[in-house]
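Visitor: Could you walk me through this protein model, and say what your terms mean as we go?

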Amino acid sequence: MFWMGAGCASAPPTYDYSREPDPRDREFVLGAADLLRINVWGQPDLSVDLSVRPDGRITLPLIGDVRAAGRTPTEVRNEIEQRLVAFVKSESAKVTVGVVEIRSYRFTISGNVEKPGQYTATAYVTVLEALSMAGGPNRFAKFDEMAILRDYGTKKYRRIPLNYELLRLGSHSAQNIVILPGDNIVVP
């Protein structure tokens, strides 16, 4: 039980968690493996269900490859409509892009948890929810040294400090941020 007391005695991190983005506040950003339904109004031959390839692209009849990963369904729809005008009447180039299945929301939990590994979810999860998916920290975990390693596209990871005991007790709930695709929660 000594390790529990050690976690309680530590001070909360001084990190500004409010600067971390909350993906629930904006349109979903597509990623590799997401399953899409592209519907072209009145053009059943141009309507398809397809997955975003590992290179982030989709291939559509007539127009070919379209970059999808890293973009919203609205952005993809706008490009498809714009490119379809060269092949069909503009009034027939009405497109919808639906996300049928989210497969790109993946994150890793490594270190001293019961079930380390890569996890997927169909809805956004918070730090506590993600740790619960991994069975929680094990008895060797250092509660006040946990962190999220987050890549903002620069391949220079930002370290976001976490204190599990303070999170669990609800005394520093600002740490319970939403996990982003590609995050790595490290539990030393």
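Guide: Happy to! Let me start with a term: buried means under 20% relative accessible area, exposed means over 50%, and partly exposed lies in between, with a 1.4 Å probe and protein chains only. The model is predicted, so local features need pLDDT of at least 70 and side-chain atom pairs count only at pLDDT 80 or more, while totals for chains, interfaces and linings use all residues. Residues are numbered from 1 along each chain as its sequence is written, and side-chain values use heavy atoms, leaving out hydrogens and water.

Visitor: What percentage of the 188 residues in the protein chain is buried?
Guide: The cut-off to apply is under 20% relative accessible area. Of the 188 residues in the protein chain, the buried share is 40%.

Visitor: What radius of gyration does the protein chain have?
Guide: The radius is taken over C-alpha atoms, and the globule rule is 2.2 Å times the number of residues to the power 0.38. The C-alpha trace spans about 70 × 30 × 25 Å along its principal axes. For 188 residues a compact globule would come near 16 Å, but the protein chain has 21 Å.

Visitor: How many helices and strands does the protein chain have?
Guide: Helices (H or I, at least four residues) and strands (E, at least two) are DSSP runs, numbered from the N terminus. Their order from that end is α-β-β-β-β-α-β-β-β-α-β-β-α-β. The totals are four helices and ten strands.

Visitor: Is Leu131 buried or exposed?
Guide: Leu131 sits in helix α3. Contact means heavy atoms within 4.5 Å, and beyond four places in sequence Leu131 touches Ile109, Val113, Gly136, Met146, Tyr164, Ile185 and Val187. In soluble globular proteins, nonpolar side chains tend to be buried together. With a relative accessible area of 1%, Leu131 is buried.

Visitor: How far apart in space are Leu131 and Ala174, C-alpha to C-alpha?
Guide: In sequence, Leu131 and Ala174 are 43 residues apart. In space, their C-alpha atoms are separated by 16 Å.
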